[in-house]
Amino acid sequence: ARDEIEVEAQLRIASENNIAILTPVSPDYPALLKEIPDPPAVLFVKGSLKEIDGLAVAIVGTRHASLYGLKQAEMLGASLASAGFTVVSGMARGIDTAAHRGALKRGGRTIAVLASGILAPYPPENKGLAEEIASRGCVVSEAAPTMPPLSGMFPQRNRIISGLTLG
């Protein structure tokens, strides 16, 4: 990775953009995430991870959802947030976006796990959503802050979603 990523530049960029860098030995590294077989060696975080985020549920689904599916995902995200759960998803188009929006509408916490760097959110139309999530929860990624999404990163992202949640 040192041959492909300018590590010092990415560390500077993270610092300039208030992006925390956590490792499994960091006190703020999520305890549940340490329990998966391959926890990320580095986790970039914009916003704040809190102890209450240990009570988290993932909502993920199709990018091509029906209107009914979108409405149900938003209602489920809102209901879980109202019950005190943190809603975790991948901020993808469709169900993921609706779940995040539902949690935010109820004033709840939500965590977006990206398959790109935090400063290169995908899909690009969700950049504003990423900023709102970071202000009321957090956006996390194991990718360097400016890294674009790569197809192989989506399954890796999904393991983080599962590792941050109870179900």
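In which hand does α3 pass α4 at their crossing? The crossing is left-handed. That term applies if the near helix is turned anticlockwise from the far one by less than a right angle; clockwise makes a crossing right-handed.

A word on the source. This is a predicted model, where local features need pLDDT of at least 70, side-chain atom pairs count only at pLDDT 80 or more, and totals for chains, interfaces and linings use all residues. Residues are numbered from 1 along each chain as its sequence is written, and side-chain values use heavy atoms, with hydrogens and water left out.

Back to the helices. Helix α3 covers residues 95-105. Helices here are DSSP runs (H or I, at least four residues), strands likewise (E, at least two), numbered from the N terminus. α3 and α4 pack at about 45°, and their axes are 11 Å apart. Axes are lines fitted to C-alpha atoms, for helices over the stretch in contact, with angles from 0 to 180 degrees between N-to-C directions. The two helices are therefore oblique to each other. Under 35 degrees would be roughly parallel, over 145 roughly antiparallel, 65 to 115 roughly perpendicular; the rest is oblique.

Who makes the contact (heavy atoms within 4.5 Å)? From α3, Thr97, His100, Arg101 and Leu104; from α4, Leu129, Glu132, Ile133 and Arg136. They divide into three nonpolar, two polar and three charged. Nonpolar covers Ala, Val, Leu, Ile, Met, Phe, Trp, Tyr, Cys and Pro; charged covers Asp, Glu, Lys and Arg; the others, Gly among them, are polar.

Next, the rings. A search of the whole structure finds one aromatic pair. Tyr122 and Phe154 form it, edge-to-face, at 6.3 Å centre to centre and 75° between the planes. Rings of Phe, Tyr and Trp (its six-membered ring) pair with centres within 6.5 Å; planes under 30 degrees apart are stacked, over 60 edge-to-face, the rest tilted. The pair links distant parts of the chain, 32 residues apart: Tyr122 sits in the loop between β5 and α4, Phe154 in helix α5. Tyr122 is partly exposed at 34% relative accessible area. Phe154 is buried at 18%. Buried means under 20%, exposed over 50%, partly exposed in between (1.4 Å probe, protein chains only).

Last, the backbone. Most residues other than glycine have a negative phi, and most peptide bonds are trans. The bond from Tyr122 to Pro123 is cis, with omega near 0°. Met91 has a positive phi, near 60°. Met91 lies in the loop between β4 and α3, and is buried at 0%.

Note on methods:
Contact = heavy atoms within 4.5 Å.
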